[in-house]
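Here is a short briefing to read beside the structure.

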Amino acid sequence: MRTKKDVNAAEMPLVVFAALLSVFQAACSVQTSERVPTATENPPVGPGPAEYSSAFELDDMRLRAIVRNVAVTPHWMEGGNSLWFQREGDDGFEYIHVSTDSGEQRPLFDHAELARAVNAATGIDEADPGLTLQVTEYDAAADTVQGTAGGESISCSLQPSLCRVDDAPVLQPGLLASPNNYLAAFTRDHNLWIRNLQTGEERALTSDGEAHYAWGKTPDSSLAAIPERRERLAKPPYASFWSPDSRLLVTTRIDERDVGVYPFIEWAPLDGSVRPKLYQLRIPLLGDELPPLESYVFDLANGSHTRIDAGDGFDVAPAGVIGWSADSTRLYMLAHDYGSRSLQVLEYSGARTRIAFESSSPTMSRLNAALYNEPNVRLLKDGAEALWFSERSGWGHLYRINLRTGEVVSQLTSGDWTVHDVLHVDEVTNRVYFTAGGREPGDPYQRRVYSVNLDGSSLRLLTPEPADHQLDGAPSFLIRSVFGLQMPPSHFSPDGRFFVDIYSTLSEPPVSVLRSTEDGHVIAELERADVTALEAAGYSPPQRVSATAADGETTVWGAIYYPPDFDPDRRYPVINALYAGPQVTVAPANYAASFSGLGQYNRAALASLGFLVVTVDGRGTPYRSLAFQDVSRGQGHGTEPLNDHRAALEELAASRPYMDLSRVGVWGHSWGGYHAARAILQHNDFYDAAVASAGLHGYQWSYPGFEIFVGRPDYGGGSVTRPTPDAVPDTIAAIGNAPLVGQLKQGRLLIVYGELDENVHPAQAVQLMDALVKADRNFDVLYLPNRTHYYTPEPYFQRRLWDYLVEHVMGAQPPDFSILGPGTAE
């Protein structure tokens, strides 16, 4: 273990917190301490303006934009005998028709002729040969296509090629259309309304809605309430669904009248107003009485509505609809208790609700190894049974459950490996198709595609290549609602005979192929990603690595990003780019994830400045065993992941002399921001500097819900309700960062936050700063006006991040911004 050399720095007493706030109003960047001089007489030469400019070219968003054909998205045609997909050609978009039986490929239409027709309709120079139309629909029978070009909606006939710009869409924002496209639900004045899409006639379904207790309203705690208010976005009724026959409508109502007000201030309004704007959201915090999300079923035939009763201690999950019976008379939904230790399947029929199945766990019941993906639950036999994901064996596996008796019928998968996502269920052949990791030798994060019979027999590997097969599951309702995403097309054909597979490693770019579901054999190669421009930009993929966790037994996996001009005879400072939250992994296991992952950003760009950037998925993260995940629950949440990161860095450096562990920095965002700050507090003899961005520094200042990861709060006598405004359970306080601020010694800490962050509220950063001030500790602050939680890709933040790490980890002087010039980062 190494110990830091003393740093000769004059420590200045910090001014009172009120003065700090006054400075915030004067500048975007605030420093509460003087710069610490470098400890060496001859500091190393750091990156200059040219290196910074090159680093900006390796920004993740730019890299994603210059890679062609990284994945094929199939659009299956009726019957499943053919498909079409879009590819990026030299002269614009190209559309390819594929015969699924033979694999034969041909152009879907005459691209040059259609390009001329699109350009004529949109007024683009007809000399431009490229097809700019992004096709969204192709009707083979009518020989027509629809899509968008230049921000316009375009409809085209193909024989001959004639295009026109469409009028405004019939379905306006804020409408939820019924399956038969005859009706649409929407909200108005806190109530639920129905519009006849044929006649335009409207009628109210409710009349008792009011402010903070409205029908179909998106809760203020939805993580995106401020943009919705600021931009006056029209959104469909929240978490609402139609029955297949368009007769029943499921919708929600939440009572926020007694929820405490949480203020956000927009100090520099985007509309140019001279007066700051106040947003008062109704957001519950840990320990508050939680308003239940009420779910109702409306019968459009008679106008009646009935509440779905989840029973004592349970709430219907937002968007928890599993499915409907074929005749639309039975609805199946998910419900959960406080902390999601127990889950229920509810059956609603004839205005009555019954518990069809119940499952529980001593820690947390998950329905997918990835919390940001859709639950691995599917109805079977028209609601008589269901496919169910459970970790009851210690690993994530699939089960068949009886919804009539509430019993487990069979276990479909078993062993020391984990199911990731259910991709397709074929009840005709009684086969389930899914991705899983860890069953085959090697990297447990490399997904393979398997199939198995519904009775658990005949498990079959369909993708034998040792690579990550990137058939991602559908995003969860939370992710879709926050980011405005739609459910993606299926990789599987409607008849279940074919699927499109995309696979890659960190060193081998993605390949898209058409496979048979029978045995997985490749029918045709569809695409190979073109990374020519990526390589020309100076990008080189990271190295996949493994090491031993702090327990001395468990293998953890990660990746190392190297500088483009890497010299093994040099010594490089090291950056631990971490995210140790329990819901995602961030160490890339496939080619595309190395520059488009979730939770960590622009690692290649940071490495290009002269760092070795290391990312590790330590214990407490998903996709391994339940025991691996549970290490970070409760008190282990704030210690074991960081111990694993340090152990991995030390082991990796032992065989890599070019890793200079006398210069180590750490940075992370969101949950990564929490762990970055905690790293320099707990391991102050190891890290030189930390950048803690949007950090979740104390769970008492957070939304309820985090107890599913960090443990159930106990305010006395088993109560989860805060008895006084300042009450904080010892177990919750202990995993916060504020109690550790006295351990900040020679290392440098930069706290970054956005003033309109609804994911991790600004009070998280301010409370930590208050504790640092009271402990008389030096720290730095970057305050970002008008920013929400998603500012990390912004060039300004990236430059400030680089400056901090270059100065305080590399020990060099960052380039003068006046030399770089305004707009360099744009």
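With which residue does glutamate 228 form a salt bridge? The partner is lysine 235, and the closest N and O atoms are 3.8 Å apart. Keep in mind that this is a predicted model.

**Salt bridges**

- Side chains of opposite charge can pair when their charged atoms come close.
- A search of the whole structure returns 50 salt bridges.
- Lysine 235, the partner of glutamate 228, has a relative accessible area of 27% and is partly exposed.
- Aspartate 245 pairs with arginine 247, with 3.9 Å between the closest N and O atoms.
- Both ends of that pair are partly exposed: aspartate 245 has 36% relative accessibility, and arginine 247 has a relative accessible area of 30%.
- Aspartate 288 and arginine 722 meet in a salt bridge at 2.9 Å, N to O.
- Aspartate 288 is partly exposed, at 23% relative accessible area.
- A network of salt bridges links Arg330, Glu347, Arg354, Asp382 and Arg404.

**Nonpolar cores**

- The largest nonpolar core holds 67 residues. Leu398, Val432, Phe434, Met659 and Leu749 touch the most other members.
- Helix α14 (residues 762–774) supplies the largest share of this core, with six residues.
- A second, separate core has 40 residues, including Ala577, Leu609, Ala694 and Val806.

**Helix α11**

- Helix α11 covers residues 671–682. At 1.5 Å a residue, its 12 residues should span 16 Å, and its end C-alpha atoms are 16 Å apart, which agrees.
- In α11, 11 of the 12 residues are buried, so the helix is largely enclosed by the rest of the structure.
- Those buried residues are Trp671, Gly672, Gly673, Tyr674, His675, Ala676, Ala677, Arg678, Ala679, Ile680 and Leu681.
- They pack against the helices α10 (640–654), α12 (707–710) and α13 (730–734). They also pack against the strands β40 (659–669), β41 (689–693) and β42 (748–754).

**Surface patch**

- Ile265, Trp267 and Leu278 form a nonpolar patch on the surface. Together they have about 270 Å² of accessible area.
- Tryptophan 267 lies in the loop between β16 (261–266) and β17 (277–282).
- Is tryptophan 267 buried, partly exposed or exposed? At 40% relative accessibility, tryptophan 267 counts as partly exposed, because that class runs between 20% and 50%.

**Backbone details**

- Glutamine 159 and proline 160 are joined by a cis peptide bond, with omega about 0°. Proline 160 is in the loop between β8 (152–158) and β9 (161–165).
- Serine 670 has a positive phi, near 65°, although not a glycine. This serine 670 is in the loop between β40 and α11, and is buried at 14% relative accessible area.
- Alanine 694 also has a positive phi, about 50°, without being a glycine. Alanine 694 is in the loop between β41 and α12, is buried at 3% relative accessible area, and belongs to the second core.

How values were computed: Residues are numbered from 1 along each chain as its sequence is written. This is a predicted model: local features need pLDDT of at least 70, side-chain atom pairs count only at pLDDT 80 or more; totals for chains, interfaces and linings use all residues. Side-chain values use heavy atoms; hydrogens and water are left out. A nonpolar core is a set of buried Ala, Val, Leu, Ile, Met, Phe, Trp, Tyr and Cys residues joined through side-chain atoms within 4.5 Å. Buried means under 20% relative accessible area, exposed over 50%, partly exposed in between (1.4 Å probe, protein chains only). Helices (H or I, at least four residues) and strands (E, at least two) are DSSP runs, numbered from the N terminus. The expected span of a helix is 1.5 Å times one less than its number of residues. Contact means heavy atoms within 4.5 Å. Patches are made of residues with over 30% relative accessible area and no salt bridge: like charges are joined within 9 Å, nonpolar side chains (Val, Leu, Ile, Met, Phe, Trp, Tyr) within 5 Å. Accessible areas come from the Shrake-Rupley method with a 1.4 Å probe; for residues, only the protein chains shown count as cover. A salt bridge is a side-chain nitrogen of Lys or Arg within 4 Å of a carboxyl oxygen of Asp or Glu.
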